[in-house]
Amino acid sequence: NRRSVSELVISFAVAMLRHIPASHKEVQNGKWEQHVGGLLSGRMVGIIGCGFIGKDLVELLQPWGCTILANDILDFDDFYTRFGVIPVELEDLLQRSDVVTLHVPHDDSTNNILSGVRLGLMKQSAVLINTARGRLVDEAVLKKMLMEKSLAAAAFDVFNTEPPDDLEL
């Protein structure tokens, strides 16, 4: 399923950067506001977990001209060199990335990998994408950040509780 997940990540990134869900909701509610969206092209994309899906995403992002940062417990030097990926520490990735996407399994080492402290490192203009597993992100802090506009957007297809019980999030 790596290609379908990689394509979903790109579609989420474009949708969030272009404000598509918010614009759609406004039009459905009879509102017409022009939102200035951003491009994915040329952005700094941070990939947490550069296994099969992370690598596929790197390949799909090549035509977009993104700078790609990666954080993984394994060393993929040959792959990184081939595609111009910059390996970085997790905190550095979070501080520098315009789009952060998770591609790690859920286990003891990744449980709440994006804690409130780590989420707080992200740019206010950043987008967070999780297509990996639930329980990787502190959803209570994420919700607060989104409501306070200290994080631009988030797109998830996995949640800590499924189906999600916090419909506001």
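Reader: Where is Asn 112 found, and what makes Asn 112 count as partly exposed?

Author: In this predicted model, Asn 112 lies in the loop between E4 and helix H6 (116-119). Its relative accessible area is 29%, and because buried means under 20% and exposed means over 50%, Asn 112 falls in between and is called partly exposed. Asn 112 also has a positive phi of about 55°, although it is not a glycine.

Reader: How do you know that Arg 135 is partly exposed?

Author: Arg 135, which sits in the loop between E5 and helix H7 (139-147), has a relative accessibility of 45%, and since the word exposed is kept for values over 50% and buried for values under 20%, Arg 135 counts as partly exposed. Its phi is positive too, at about 70°, and Arg 135 is not a glycine either.

Reader: Why is H1 called oblique to H3?

Author: The two helices pack at an angle of about 55°, with their axes 9 Å apart. Angles under 35 degrees count as roughly parallel, and 65 to 115 as roughly perpendicular, so the angle makes H1 oblique to H3. The residues of this contact divide into eight nonpolar, one polar and four charged, and among those in H1 are Arg 2, Val 5 and Ile 10.

Reader: What is the peptide bond from Glu 162 to Pro 163 called, cis or trans?

Author: That bond is cis, with omega near -5°, and Pro 163 is placed in the segment after E6.

Definitions and conventions
Residues numbered from 1 in each chain as written. Predicted model: local features only at pLDDT ≥ 70, side-chain atom pairs only at ≥ 80, totals over all residues. Heavy atoms only, no water. Axes fitted to C-alpha atoms, helices over the stretch in contact; angles between N-to-C directions. Helix = DSSP H or I, 4+ residues; strand = E, 2+ residues; numbered from the N terminus. Parallel < 35°, antiparallel > 145°, perpendicular 65-115°, else oblique. Contact = heavy atoms within 4.5 Å. Nonpolar A, V, L, I, M, F, W, Y, C, P; charged D, E, K, R; others polar. Buried < 20%, exposed > 50% of the residue type's maximum accessible area, 1.4 Å probe, protein only.
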